[in-house]
Amino acid sequence: MSRQLTRSRVLQQRAEKLLPGGVDSPVRAFRAVGGEPPFVDRGEGAYLWDADGNRYIDYFGSWGAMILGHAFPAAVEAVQGAAARSASFGASTGAEADLAELVVKAFPSIEKLRFVSSGTEATMSAIRLARAFTGRKYVVKFEGCYHGHSDGLLVKAGSGVATFGIPGSAGVPEEIAHLTLALPFNSVFAVEAAFAEHKGEIACVIVEPVVGNAGCIPPAGGYLEALREITAREGAVLILDEVMTGFRVALGGAQELYGVTPDMTTLGKIIGGGLPCAAFGGRAEIMDMLAPLGAVYQAGTLSGNPLAMAAGIATVGYLMEHRDEVYPLIERLSKAVAEGVAAEAAKAGVPMTTNRVGAMWTWFFTSGPVTDFARAATSDTAAFARFHRAMLDQGVWLPPSQYEAVFLGTAHTMEDIQQTIAAAKEAFAAVLTA
Ligand code: KE4
């Protein structure tokens, strides 16, 4: 049953005249899954309503940010209150330290941090600091990991870059890409080889501790510990990019879950409760190299924005206060839906591998295991596209790419899970009749 999408089409046609592809971020264009994206009118709890009044169970949640569901009352109230006192000052406010205190409580490895407006800014700034701190130039990242769109990090990146099957991005000079070493995830050997080849030249290793941007790929046992041991031995900075995993896989992110202490951490998404907010932080001796204290320049007009701070304090504060209920709840819900859909795939004879860590997972349309991007890339993306469309037509909105993680939050219910599994049963029939 195709849902009525006339208003969304009118909105898209208008948007396409002014915004390239009609979007402000490529993955929203549905190019990887085909069909036309619904335009959202509003969200509440676990649900989105499009411009034509169709309701969807939301399984991307602003790409992970909306862990408490849409229009979480305490966050709405906090933002409304802050807005009434003006949206931005470009001067310091007490709210910045209020949120910072919550962050360092959840992430003991972070001695000092700075707020920025996007994950891209956070990772770009963390790398600049690592290069200044070590006096070295090379950066190690991993194939399929996405750390935002700064030039040096668009090398074999995940998320939209992987979705569109582009090696990187036009406009990134070879001289810059050359300084980024992209290695296969979950291979300790590859990391050892890179450090042997570039002895004393590698400033940092940046990694999604649980990859979300190639689809969800958990670290192999001992892998993160090996990255920690190698970077410590070689004098390189270990940056855990927890923009997606922070406050999601545990209150203290993957570093809490796996017990690995990085030199620096980047955060985003949940930290701002859906408003433009991200942060980078870590050892004080590194962070104190930032202007105005040190020689590393980094700045931002809207950094620490009062509305974003208000939403972040409400969100992170709630997660902290209710952590004993929140994380078991989203674990239970995620396990039920991830395994329920996988069971329907098995019954339908559709090859599928499910990778999950807490409330982030991916149904890969390929036989497993999926332990790195090369294995993820064996997925039948055409089958995924048919699955995505069939689920959307039944009111279940999954991330529009095989190379993205699925998310849920505290507003989802077991009833939503049952509806999702029932929709999947129908969708697999569509997948098979290609
Ligand atoms: P932003 O600049 O998009 O706020 O954050 C970049 C970023 C950094 N690190 C990680 C681990 C991330 O997942 C992201 C952004 N995630 C994608 C979704 N996979 C953003 C969605 C989009 O590009 O529209």
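The model is predicted, so local features need pLDDT of at least 70 and side-chain atom pairs count only at pLDDT 80 or more, while totals for chains, interfaces and linings use all residues. Residues are numbered from 1 along each chain as its sequence is written, and side-chain values use heavy atoms, with hydrogens and water left out.

**Helix packing**
- Helix α14 (residues 381–393) packs against helix α15 (residues 414–432) at about 135 degrees, with the axes 8 Å apart; axes are lines fitted to C-alpha atoms over the stretch in contact, and angles run from 0 to 180 degrees between N-to-C directions.
- α14 and α15 are therefore oblique to each other (angles under 35 degrees count as roughly parallel, over 145 as roughly antiparallel, 65 to 115 as roughly perpendicular and the rest as oblique).

**Salt bridges**
- The whole structure holds 14 salt bridges (a side-chain nitrogen of Lys or Arg within 4 Å of a carboxyl oxygen of Asp or Glu).
- Asp263 pairs with Arg228 in a salt bridge, with the closest N and O atoms 2.9 Å apart.
- This pair links distant parts of the chain, 35 residues apart: Asp263 lies in the loop between α9 (253–258) and β9 (264–267), and Arg228 in helix α8 (residues 223–234).
- Asp263 is buried at 7% relative accessibility, and Arg228 is buried at 18% (buried means under 20% relative accessible area, exposed over 50%, partly exposed in between, with a 1.4 Å probe and protein chains only).
- Lys347 and Glu344 form a salt bridge at 2.9 Å, N to O.
- Both Lys347 and Glu344 lie in helix α12 (residues 323–348), 3 residues apart.
- Lys347 is exposed at 65%, whereas Glu344 is buried at 10%.

Technical notes. Helix = DSSP H or I, 4+ residues; strand = E, 2+ residues; numbered from the N terminus.
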